[in-house]
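Thanks for coming. I will take a few minutes on aromatic pairs and pockets in one model.

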Amino acid sequence: TPIAVNQNGKKQIIISGSQRIQSYCLDSGILLWECKGLSKENVVATPVAGHGMVFTGSTYDKTILLAIRLNGAKGDITGTKHIAWSRSRGAPYVPSPLLYGDALYFISQFQGVLTRVNAHTGKNEPGQFRLNGIKKVFASPIGAAGRVYIVDRNGSTIVLNNSKEPTLLSINTLDDSFSASPIAVGSELYLRGEKNIYCIIND
C-alpha cells in the first residue's frame, strides 16, 4: 500500500515494490527518487514514515530493512548518504513495521520474533525477542496508550508496553483467526476476524 508523506511542504507518494522503493510527486506524478535493494518478488509490507525518514523492508528472496532520509532525496539514492541505516535480520514480510515514538518495531512473521530498534539509528533497543504465545502473524502491529498490540492467525492478541525493554502485559485469545490489522479508536480496540468483528473496551 502506498503512503502519503509531506516533506518540506511538498506531498509525495511513496510505495515499496519489486526490487526498489519509489517516491512520486503527488501533484505531477513525476518520479522524485528511488532506492534499490528490496526483494525481486512479493514485497508486501507497507512502508512507514516519521522523523524525516521512511522505513521499508522485505524478506521473500532478500532480507533487508532500509531507513531512508527524505530531506534532499532526488534520483537514484541507492548506496548514498540518504540511507540512514539498514539491517539484514528480522525484516518484515507481510506485517508492516510499527513506528511508535522513537522506536521501530518489526516482526519475523513465521517465527514469532519481534525486533525493537531505535528508529533514528537502527541500534537494538533491545533488538530481537521471542513472542511466546504468538506464531503466525499477518496483521501489522499497532501502538496505542503506551502499548503495542500484535494479533496472530490463531486468535491471540499479545500486549506489550512500549519501552526499551518491553514486557508482556497480557495475552488474550478469541475463538477466531486474525489476518487484518487491529485499529485503536479512543479507548476501544477493533479486531476483524474470519468469523466476527470485535470491539474491546478499556474501562
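This is a predicted model: local features need pLDDT of at least 70, side-chain atom pairs count only at pLDDT 80 or more; totals for chains, interfaces and linings use all residues.

Residues are numbered from 1 along each chain as its sequence is written, and side-chain values use heavy atoms, with hydrogens and water left out.

Rings of Phe, Tyr and Trp (its six-membered ring) pair if their centres lie within 6.5 Å; planes under 30 degrees apart are stacked, over 60 edge-to-face, and the rest tilted. That rule gives three aromatic pairs. One of them is Phe55 with Trp85, tilted, at 6.0 Å centre to centre and 40° between the planes. Phe55 sits in strand β6 (residues 53-58) and Trp85 in strand β9 (residues 83-87), so the pair ties together parts 30 residues apart in sequence. Strands here are DSSP runs of E, at least two residues, numbered from the N terminus. Both Phe55 and Trp85 are buried, meaning under 20% relative accessible area with a 1.4 Å probe, protein chains only.

Phe178 and Tyr198 pair edge-to-face, 5.8 Å centre to centre with 65° between the planes. Phe178 counts as buried at 0% relative accessibility, and Tyr198 counts as buried at 17%.

Now the pocket: on a 1 Å grid over the protein atoms alone, an open set of points where a 1.4 Å probe fits, with protein on both sides within 12 Å along at least five of seven lines; lining residues have an atom within 4 Å of a point. Of the 21 residues lining the largest pocket, the closest to its centre are Arg147, Tyr149, Leu189, Ile200 and Asn202. Strand β17 supplies the largest share of that lining, four residues.

Note on methods: Buried means under 20% relative accessible area, exposed over 50%, partly exposed in between (1.4 Å probe, protein chains only).
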